[in-house]
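The sequence and the structure come first, then the tour.

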Amino acid sequence: MPRTNGTPPAAGPMKPKRASAATSPTSPSSPPLTSGSGGGSTATAVVVAVFAVFAGLFALSYPVLRTGHVLPAPLSPPSAPYLLNLDSSCRRLRPDLGLACEDLALHPTLGIVYAACDSVVARRNYFVPLKWLDDRAAGSGGIYVVDLATEELTKLELDGPALSTHGLSIHVDPADASRVRLFLINHRPAPGNSTVEVYEHEVGQPAVRHLFTADPGPPLFRDLNSVAAVGPAAFYASSSRRFPGQPVLEVMLARPWGKVVFWDAEAGVGRVVAEDLSYVNGVAVSRDGHSVYVAETLTGRIFVYERRRNNALALKERIQMDHSMDNIFVEPESGDLYLAGLPTLLDGLTLAGGKPDKVASAVSKITRASGEAVFMGHEHKGTYLTNIPAEVVSGATTALVSRQFGKTLFGKVCDADIIVCDGAL
């Protein structure tokens, strides 16, 4: 994207304000609910049915409790401070566009950020992970770039299939930093499936070129969530759930049915490389490419895997954090991990319920030790950095930090606008 000598688009300081029903996007109308009639026998049948449901839920949850797949993430906010005066140092990029950008990816040297975005209205009506499946809202997504020097947000022209965006990752050509491949999770309407679309972009150009679609279909690719590129045609991706349909049992009971898959598009082969994960979400690769990080949203755990030569994964370490997490960002200078998510699981229920209510955000950081600093085999240390008021950043899914430009950007799944703040967390 060409640099400009102008000033960033006028946005001004952010002013905390309450969301109102008048400004919140609305979902398409649903058929009216109908009510039936019945007597005492009907009431008895309902009681019996409810008892059977609860008995079944207990039976399903018993293995969860027995094996330790419980929900250690707290139901009340941890004691992390709110960032002081964050609202006065943050601004919204192009609020007139109303974009919900779930994932962001930073070019490590050229100061541009790629963003996977849909309109807020489309996202609240079509988002496969939460089973919002109004096909009329599908296919409205796009790829955007942010110039960190000017804070200019630009939509890239693209060919290829229509997009309903989710996770995003990039691979920079080691021989030419201006050539970038983008890996984007796309949720196609039924009878379609979650796919990974791969594009090529030359930095500074207004368009991306679609190269190919990775689509082996379920069960390998089911409800893909996050993607991490490890080459020009190879990547890891998280598959949050095992079964199609409504995710109630898998999510509410934190069933360890998620997995991480590896796919090599050049060879046309892939396989499961990690499994028994409870609603697996963010996936990222370390700077040296030797470690793969995986986040469980419901449990607040980060799994650290050693990446083998054949791209198999071997578990090295588990790190327990204090809030639910979404995407993982690896800061290119330090290699530190930044984790964005929600302070409480109740906030997650608010989002999953499709409500336009604002919810707070939480950010944590994981640093890596080496040599004598490694304690009893634990190379990583997690720190809860901050809670962010809902009026400033609502429901963050990505926290992207640029030390080069001294800025932190936040992406969000259901709330409008990329947020950029002065200072690197």
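R403 makes a salt bridge with D336, and the closest N and O atoms sit 3.0 Å apart. This pair links distant parts of the chain: R403 is in the loop between β25 and β26, while D336 is in the loop between β21 and β22, 67 residues apart. Keep in mind that this is a predicted model. D336 is buried, with a relative accessible area of 10%, while R403 comes out as partly exposed at 34% relative accessibility.

R403 also forms a salt bridge with E331, this time with the closest N and O atoms 3.8 Å apart. How accessible is E331, buried or exposed? E331 is buried, because its relative accessible area is 1%.

## Other salt bridges

In total, the count comes to 20 salt bridges. One of them joins R209 to E200, with 2.9 Å between the closest N and O atoms. R209 is partly exposed, at a relative accessible area of 46%, whereas E200 is buried at 17%. Salt bridges also build a network here, made up of R91, E151, K407 and D422.

Now for the strands. β13 pairs with β14 (residues 234-239) in the antiparallel sense, over four bridges, and A229 stands opposite F235 in β14.

Another open sheet of four strands runs β17-β18-β19-β20, also with antiparallel pairing. Its edges are β17 (280-285) and β20 (313-320); each has a single partner strand, so one side of each lacks a neighbour in the sheet. From one strand to the next, the twist averages 25°. Within this sheet, β18 (residues 291-296) and β19 (residues 301-307) pair in the antiparallel sense over six bridges, and S291 is found opposite E306 in β19.

## Aromatic pairs

How many aromatic pairs does the structure hold? There are five aromatic pairs. In one of them, F221 and F235 have ring centres 6.2 Å apart and planes at 50°, so the pair is tilted. It links distant parts of the chain, with F221 in the loop between β12 (207-214) and β13, and F235 in strand β14, 14 residues apart. F221 counts as buried at 0% relative accessibility, and F235 is buried with a relative accessible area of 0%.

Y236 and F262 form a tilted aromatic pair, 5.2 Å centre to centre with 55° between the planes. Y236 is in strand β14 and F262 in strand β15 (residues 258-264), so this pair ties together parts that are 26 residues apart in sequence. Y236 counts as buried at 0% relative accessibility, and F262 counts as buried at 5%. Ring pairs also link F183, F221, F235 and W263 into a cluster.

How values were computed:
Residues numbered from 1 in each chain as written. Predicted model: local features only at pLDDT ≥ 70, side-chain atom pairs only at ≥ 80, totals over all residues. Heavy atoms only, no water. Salt bridge = Lys/Arg side-chain N within 4 Å of Asp/Glu carboxyl O. Buried < 20%, exposed > 50% of the residue type's maximum accessible area, 1.4 Å probe, protein only. Helix = DSSP H or I, 4+ residues; strand = E, 2+ residues; numbered from the N terminus. Pairing = 2+ DSSP bridges. Axes fitted to C-alpha atoms, helices over the stretch in contact; angles between N-to-C directions. Phe/Tyr/Trp six-rings, centres within 6.5 Å; stacked < 30°, edge-to-face > 60°.
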